[in-house]
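Here are a few exercises to work through with the model open in your viewer. Try each task before you read its solution.

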Amino acid sequence: MTLRRFVLHTVFMAGTAVFLLATGTQAGVVALLLIAWIAVFACAWTISYLRRRDRLRELENIMDGLDKKYLFFECIPGAHDAYERRMLALSRRAGKSMIETVSDAQEAVREYREYVESWVHEIKTPITAAGLICRSADPVLRQKLTQELAQIEAHVERALFYARAESPEKDFIIRQTNLTDIVSQALGQHRTLLISKGVRVETQDLEYTVYTDSKWAVFILGQLLQNAARYHGEEPVITMSARPLGQQVQLIARDNGIGIPAHELTRIFDRGFTGSNGRSRGGSTGMGLYLCRKLADSLGIDLRIDSVEGEGTAAQITFPAKSQLSD
């Protein structure tokens, strides 16, 4: 019962009592009638309250048991009255419209992702061709063009992984992989950039087996190498080593670059965050580390970065144990 109904009942009872008293009905009879009326009203209100309470609990249990909450209105059992029937019909229409809108949006995202992947694969052909043409140029021009083409290819690769990161579970395959192979592939892909920046790379203790998707792990490590080369200091050196942590394996990539200001460390994985170093040296999109964290989370990799401004940066990549993946 709503407050409005309660007020109407009260006014109606008061009017009836006044009418009966005015027509000569004894006060005792009027009192008995009012008591009976109040008793009936209280019973009706209690029954209505209990029915609505039980109905709400039923609906809450249905909602809690659904993985896809937007299907709630499709799972509600039959309505209890005409009002509820109409409300459920309207809610189902609204829910159907929402599902159709979401489906259309998901389809548009899927088509865009497929287009980006197709474009990336197509653009690699002219990039490769341009690299071959560069071989016939004079050494100075060849070096400059090769460096620029390497940067273009890195941006293209980042765009591909950004598109795939929207549904990572459909793209990666966890396999037993040698850590040395991952490091070698990453260094090979970014050899041109490292050489152009005069970066020396030292590796040690990498003979470990890890469980990951090698393609994604190479991309993550490649982004870290790019950052180390871009923000290098004098006589730049990157040291890569590994160590066991129980059943896990941790790869540490350490450089002696310009480092990251302490107050920016908490934001380096934020999407689009370039930081003071990115703004001062230019060329930063703020997407590299964001993608690294997103892909690492999908692979079960613990990625952490420590840095001291003016001294260098250390990235810790901890690969999960096989038992953790099976869980």
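Two strands count as paired if DSSP finds at least two bridges between them; helices (H or I, at least four residues) and strands (E, at least two) are DSSP runs, numbered from the N terminus. The model is predicted, so local features need pLDDT of at least 70 and side-chain atom pairs count only at pLDDT 80 or more, while totals for chains, interfaces and linings use all residues. Residues are numbered from 1 along each chain as its sequence is written, and side-chain values use heavy atoms, leaving out hydrogens and water.

**Exercise 1.** Work out which strands pair with β7 and how enclosed β7 is.

Step 1: count bridges. β6 (residues 302-308) pairs antiparallel with β7 over 7 bridges; L303, for instance, is bridged to I317 of β7.

Step 2: check β5 (residues 248-255). It runs antiparallel to β7 too, joined by 7 bridges, and A253 has A315 of β7 as its bridge partner.

Step 3: look at burial (under 20% relative accessible area is buried, over 50% exposed, in between partly exposed; 1.4 Å probe, protein chains only). In β7 (residues 312-319), 7 of the 8 residues are buried, so the strand is largely enclosed by the rest of the structure.

**Exercise 2.** Find the aromatic pairs and classify their geometry.

Step 1: set the rule. Rings of Phe, Tyr and Trp (its six-membered ring) pair if their centres lie within 6.5 Å; planes under 30 degrees apart are stacked, over 60 edge-to-face, and the rest tilted.

Step 2: run the search. The whole structure gives 2 pairs. One is F12 with W37, edge-to-face at 5.3 Å centre to centre and 70° between the planes. F12 sits in helix α1 and W37 in helix α2 (residues 27-64), so this pair ties together parts that are 25 residues apart in sequence. F12 is exposed at 52% relative accessible area, whereas W37 is partly exposed at 24%.

Step 3: do the other pair. W45 and Y49 are stacked, 5.7 Å centre to centre with 5° between the planes. Both belong to helix α2, 4 residues apart, or about one turn of the helix. W45 is partly exposed at 37%, and so is Y49 at 44%.
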